[in-house]
Amino acid sequence: LTDSLIPDLRTKLQKGLQDVDIQTAIASGVGGDALASLLATAEARVGSYAGAYWGTLMYIRGLLVDEHGGKVFWKRDSLAQSCDDCLTYGDREYDSFDAMLLETSGVYPGNATCRGNCRCQLNEVSG
């Protein structure tokens, strides 16, 4: 993020602010729309970083559950259009994160078929 995405977004904005059409839009009070359109071109790239972040976060959460010696629950978002992996493995409790990875052949929220669009999460089962 720091070395690639943020500098690229900064450059895109700086160049955009030098564009005569965007300057005109800003002067006429619709600069926000012009800048939003400019940044929309980077939306897919930002989304790919968000998906990678989510997968990493869920993996670390699983490791922490194992460190605590607890069970893990793969919670599906009931409002999401779940992929086949999430439908197969989600909404289930596993004895540990390692046990889940063995059963799912390494699939976990954020690393399922839906990848960066995954809205599932891992939760430690309490008590």
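## Two helices at an angle

Helix H4 (residues 43-68) packs against helix H6 (residues 97-104) at an angle of about 125 degrees, and their axes are 8 Å apart. Here helices (H or I, at least four residues) and strands (E, at least two) are DSSP runs, numbered from the N terminus, while axes are lines fitted to C-alpha atoms, for helices over the stretch in contact, with angles running from 0 to 180 degrees between N-to-C directions. H4 and H6 are therefore oblique to each other, since angles under 35 degrees count as roughly parallel, over 145 as roughly antiparallel, 65 to 115 as roughly perpendicular and the rest as oblique. On the H4 side the contact (heavy atoms within 4.5 Å) is made by Tyr-59, Gly-62, Leu-63 and Asp-66, and on the H6 side by Phe-97, Asp-98 and Leu-101. Sorted by class, the contact of H4 with H6 has four nonpolar, one polar and two charged residues; Ala, Val, Leu, Ile, Met, Phe, Trp, Tyr, Cys and Pro count as nonpolar, Asp, Glu, Lys and Arg as charged, and the others, Gly among them, as polar.

The structure is a predicted model, in which local features need pLDDT of at least 70 and side-chain atom pairs count only at pLDDT 80 or more, whereas totals for chains, interfaces and linings use all residues. Residues are numbered from 1 along each chain as its sequence is written, and side-chain values use heavy atoms, with hydrogens and water left out.

## The sheet and its helix

Three strands form an open sheet in the order S2-S1-S3, with antiparallel pairing, where two strands pair if DSSP finds at least two bridges between them. Strand S2 (92-94) and strand S3 (121-125) stand at the edges with a single partner strand each, so one side of each is left without a neighbour in the sheet. On average, and with direction ignored, neighbouring strands of this sheet are turned by 30 degrees against each other.

Strand S1 (residues 71-75) is joined to S2 by three bridges, and the two run antiparallel; Trp-74 stands opposite Arg-92 in S2. H4 packs on the sheet, where it touches S1 and S3, and its direction makes about 15 degrees with that of S3.

## Aromatic pairs

A pair of aromatic rings is described by the distance of the centres and the angle of the planes. Rings of Phe, Tyr and Trp (its six-membered ring) pair if their centres lie within 6.5 Å, and planes under 30 degrees apart count as stacked, over 60 as edge-to-face and the rest as tilted. By this rule the count comes to four aromatic pairs. One of them is edge-to-face: Tyr-59 and Phe-97, at 5.3 Å centre to centre and with 80 degrees between the planes. This pair links distant parts of the chain, with Tyr-59 in helix H4 and Phe-97 in helix H6, 38 residues apart. Tyr-59 is partly exposed, with a relative accessible area of 32%, whereas Phe-97, at 0%, counts as buried; buried means under 20% relative accessible area, exposed over 50%, and partly exposed in between (1.4 Å probe, protein chains only).

Trp-74 and Tyr-89 form a tilted pair, 6.2 Å centre to centre with 40 degrees between the planes. Trp-74 lies in strand S1 and Tyr-89 in helix H5 (residues 84-89), 15 residues apart, and both Trp-74 and Tyr-89 are buried.

## A buried threonine

Thr-104 has its place in helix H6 and, at 1% relative accessibility, counts as buried. Leaving aside its neighbours within four places in sequence, Thr-104 is in contact with Trp-74, Tyr-89 and Tyr-94.
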